[in-house]
Amino acid sequence: MYAVISDIHGNLEALQAVMEDLPEGVERVFCLGDIIGYGASPNECADLVREAGMPTISGNHDLAVTDLATNLEWFNPVAAAAVSWTREILSDENAEFLRERPRMMQTKGALFVHGSIRDPDEYIINRVSAQENLAILKSEYDGVPICFFGHTHVKAVSPAPLDASLEEDRALDLSDGGPYLLNPGSVGQPRDGDTFASYVLVEPAESANGVVPGPLVAYRFVEYDIEKAQSKIREAGLPNMLAERLAAGR
Ligand code: ZN
């Protein structure tokens, strides 16, 4: 069994709560990027991901902070302020680590991207973008039953499985009807109205005759100390809106 987490965004309280929630038997934790940006604990989060040996990819915020050539005009003013603040505080070691992650990872049974398969900065937010990326998954990654993506901070599975409700701990059987795109939700800044940290546990299926069926996937929803994360954001002098949105899940 392995876990997939995404979009930590410098929220150490949320990340620690997720790590404590991991059940026994989790062999690896894959991270879909955006470890930093927005939250007040970028170094602590990058240290934790690095020291835990998580396979991780770079998200757009990881690169915006660590690649000084990034044009911040692409970011809204609040995100740009967070990028500038994080640049000041991030250690050289963490900057190098985040900058040098791949933009995509692949195992025998899964693909891992930040935004989408065709573009790490694309938001998969509707049926059209999901269908277009599913077509790429089928044609260019033949036999890969699932692609995990982040970036939107919204939990999602496409195509919707027969039992479409994304309730905690309900195992989604994705062995048929795939391939699938799946967003585990955000650890550190959810934007789907839920305030808890979200991630998924994945039980890969045994391959049969060289074919890897899709896995069993279960969402985990983890409460954490939101007020502590908020007060650290305010103390750091980051935009207040970044603290407020944690309590709204937006
Ligand atoms: Zn993000």
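In the predicted model, five strands form an open sheet of mixed pairing in the order β3-β4-β5-β8-β6; strands and helices are DSSP runs numbered from the N terminus (strands E, at least two residues; helices H or I, at least four), and two strands count as paired if DSSP finds at least two bridges between them. The edge strands of this sheet, pairing on one side only, are β3 (104-106) and β6. Direction ignored, neighbouring strands are turned by 15° against each other on average, with axes taken as lines fitted to C-alpha atoms, for helices over the stretch in contact, and angles running from 0 to 180 degrees between N-to-C directions. Three bridges link β3 to β4 (residues 111-113) in the antiparallel sense, and glutamine 106 has leucine 111 of β4 as its bridge partner. Helix α6 packs on the sheet, where it touches β4, β5 (146-148), β6 and β8 (180-183), and its direction makes about 125° with that of β8; contact here means heavy atoms within 4.5 Å.

Residues are numbered from 1 along each chain as its sequence is written. Local features need pLDDT of at least 70 and side-chain atom pairs count only at pLDDT 80 or more, while totals for chains, interfaces and linings use all residues, and side-chain values use heavy atoms, with hydrogens and water left out.

Another open sheet of five strands, also of mixed pairing, has the order β2-β1-β9-β10-β7. Strand β7 runs antiparallel to β10 (residues 216-222) and is joined to β10 by two bridges; leucine 172 is partnered by valine 217 in β10.

The largest pocket holds about 430 Å³ of space. A pocket is an open set of points on a 1 Å grid over the protein atoms alone where a 1.4 Å probe fits, with protein on both sides within 12 Å along at least five of seven lines, and lining residues have an atom within 4 Å of a point. Volume is the space filled by probe spheres set on the points, which are joined across faces, edges and corners. Of the 19 lining residues, Asn60, Trp74, Phe75, Asp121 and His151 lie nearest the centre. Helix α3 (residues 60-66) gives the most to this lining, four residues.

The second largest pocket contains about 300 Å³. Among its 16 lining residues, Asn126, Arg127, Ala130, Val157 and Ser158 are closest to the centre. Helix α6 supplies the largest share of this lining, with four residues.
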